[in-house]
Amino acid sequence: MKRRLRNMCLRWRTAVRTVPFYGLMIGCGILAQTGETVSADETDARSDFEIGKTLVVLPASASTKPIADTPASKIAILDKEIQAGLRERKLSQNLLQFQNYTGYQLNLSTGTRRVNEVTGNCRLDWYDHLMRNPLTTPAESEAFTRRLFESIQNDHRGLERTLAIARSKMDVPLKTEASVRFGESTNDPLTFVSDVLERVQRSHTQSLAPLTPAELSQLQRELYPILVSQNDVGYTLANRGRGRRICDMLEKIDRGSLHDAAETMAPLADRNFLSQLKRLPEDSPIRVAGVSGSVVKKIDTAAGTIIVGGRGSNTYDLDAMSDVNVVIDLGGNDVYREGTVSLDRPVLITIDLAGNDTYTGTKPGIQGSAILGVAMLVDLEGNDTYQAKDMAQASCLGGVGMLVDHGGHDRYTGFRRVQGQAFAGIGLLLDRDGNDQYRGAMWTQGMGCPLGFGMLVDLDGKDHYYTGGYFICSYADDEDNPTPGYEGWGQGVGAGLRSVASGGIGVMLDGDGDDIYEFDYLSHGGGYWLGLGFARDFGGNDQRVGATVKSFSGGRRGEPLFQRFGMGFGCHYAAGFCFDDEGNDTYNGTIMGLGHAWDASIGLLSDFSGNDQYSSKGKTTQGNGSQAGLGILFDYDGDDRYRNYSQGYASSSISYHEMPHCGGNFSFLVDHGGTDGYGSRVRNNTISRRGSTGGFLIDRYSPEIKPTPKKTSQSTQRRRTATNQTQQRTYSRRKR
């Protein structure tokens, strides 16, 4: 009797200790794994990967669907997973070393100092903050891109709020002068345009005041050839020494005044104001040099000349109208030729209110673009065509370039530095509606260069983006790892110029619609050389093709299909972020992408819902950190497929930096929800070590996966289960 009572007490005490532990394990969905340490040699990664072994597999009845309902709450889950994983493997101190090491390297090259090829000029404070706080970057980048999108969705004053957000990230003081708004000072739309023009002219003059006449003359001569036409690779300049001197001069510009000019022009894109302009009566036609067709008004102001074209079809030879600063067209299928904005004509505002229009030219600084000037193009309606070469379609070199197209199926084609590119200023392209096509060869589509905020936003429609396909990539001659392909450099990329200057901020945002993204090297949500890049798609079933399918001209590619650095990457002291909010999406690439960080960098790819396909072909993709990098791929919800074998793999090999000072490599693939398939054969509901201790593959919540017990006798099964539980508890305590 006493023995039976003692055994009952022992069982009761064991239950008291055990039940809460396993109850917590089941309630929180905590999974662990064991397994042998795999080889850290990346070149032999495929043969070394092992199946993730399960310590605890949750029964289907205990599994739950993901419960986070906002992007911010989903990113919070990612943060907890990373923090918990680091603690579990006792790597928190290593991550702190990584953080401190990066900060130390940034300290060495601040100001005018230079360490090897890393320079301190043109460096932004927000960049510095993110790089020194790597674990906060997922939440900060998600909030930043979401706030930008939410603000610009609002047609009334949304553009102003978006520009204010950009201003806060560009080391520019807050605007001190109140914005002029239509309806407050005047109800006459032409008087309002005149007031805006006067303020913009004044802001432009103030922005260049710190430069001497000799410096302005040199910049006017050299900006385009040194920064654009002489170059066929994206990572640096053909003339680095001259480029460094140009950047030193551009740092003197009063960029606060440039942002003032941009915010002052923003109300001109408001639909309410444009509807008032559209009601303007037509006066008797007059003749204006450079215009073929009807001009119904000409207004000379102290700030410049304003002309109003009639509702018929007109042709505007804008460079033959050098004394005109504002062109307003009331309707018709119009043609706009050239329209350069430079020191010769530093301000040009073009507003077209209706018709299928054609904007064409070959000179730099056209179609809402400027070189040391301020330009804005607004098109309210119609299926429009924008055809240019370099420096066009909402781009700038030392100035402001903005293009807002409210509706229609539009086509944008350019070559270099086009479609929302900024170098020392603001370049912003906003297309609100329609199935649009964007095509560029290099430095395109939301490209932030030194001291620049470059942004492309398309709010709706089935859009097609293409960047690359022309210039042979600089990695073709890489001694260590030569690879084929083309230069890309676009689609939400912030990049500096190696040995010249630190990078800026590049942003690409797309709203609803099933979109197609084609891009070659170093493209789509990436940072390079002390820059920050962001790409985000908020809706639709999207295809990220990776390498461009055809050449830039539309013919057969001369280079094999190969893509390097894409979709949430950081390279050389940089950070890049790629988000997708909804839809069943596909991600393709070759190497070094899909949440990849290289050389003291941060890379994040995050997909918040849908059944997604990750189909990269080579190694170092799908949540990888290399050469002291933090690479993350996070997928929330959906039945996803991860092809190939490199998910969350972290090599122990680092040759760029000294170990242990740099902390190591940190690789995370975190998947919450659904039944997923991994090319590395890791099972659902497991936590697996991938390569070195810094490699994590964390899979959570898969109700469809059920443990399959081995066929054996009931008594033997009970003994095995008890033994396994004991081993699991012992292992769990040891891991803690």
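Biologist: In which loop is leucine 594 found?
Modeller: A word on the ground rules: this is a predicted model, where local features need pLDDT of at least 70, side-chain atom pairs count only at pLDDT 80 or more, and totals for chains, interfaces and linings use all residues. Residues are numbered from 1 along each chain as its sequence is written, and side-chain values use heavy atoms, leaving out hydrogens and water. Strands (E, at least two residues) and helices (H or I, at least four) are DSSP runs numbered from the N terminus. On that numbering, leucine 594 is in the loop between strand E35 (591-593) and strand E36 (596-598).

Biologist: Does leucine 594 count as buried or exposed?
Modeller: Buried means under 20% relative accessible area, exposed over 50%, and partly exposed in between (1.4 Å probe, protein chains only). Leucine 594 has 1% relative accessibility, so it counts as buried.

Biologist: What is the phi of leucine 451?
Modeller: Most residues other than glycine have a negative phi. Leucine 451, in the loop between strand E22 (447-448) and strand E23 (452-458), has a positive one, near 60 degrees.

Biologist: How are H3 and H6 oriented to each other?
Modeller: Axes are lines fitted to C-alpha atoms, for helices over the stretch in contact, with angles from 0 to 180 degrees between N-to-C directions. Angles under 35 degrees count as roughly parallel, over 145 as roughly antiparallel, 65 to 115 as roughly perpendicular and the rest as oblique. The axes of H3 and H6 (residues 137-153) come within 9 Å and cross at roughly 165 degrees. The two helices are therefore roughly antiparallel.

Biologist: And which residue of E7 stands opposite isoleucine 299?
Modeller: Two strands pair if DSSP finds at least two bridges between them. Strand E6 (residues 295-301) and strand E7 (residues 304-309) have six, in the antiparallel sense. Across from isoleucine 299 stands isoleucine 306.
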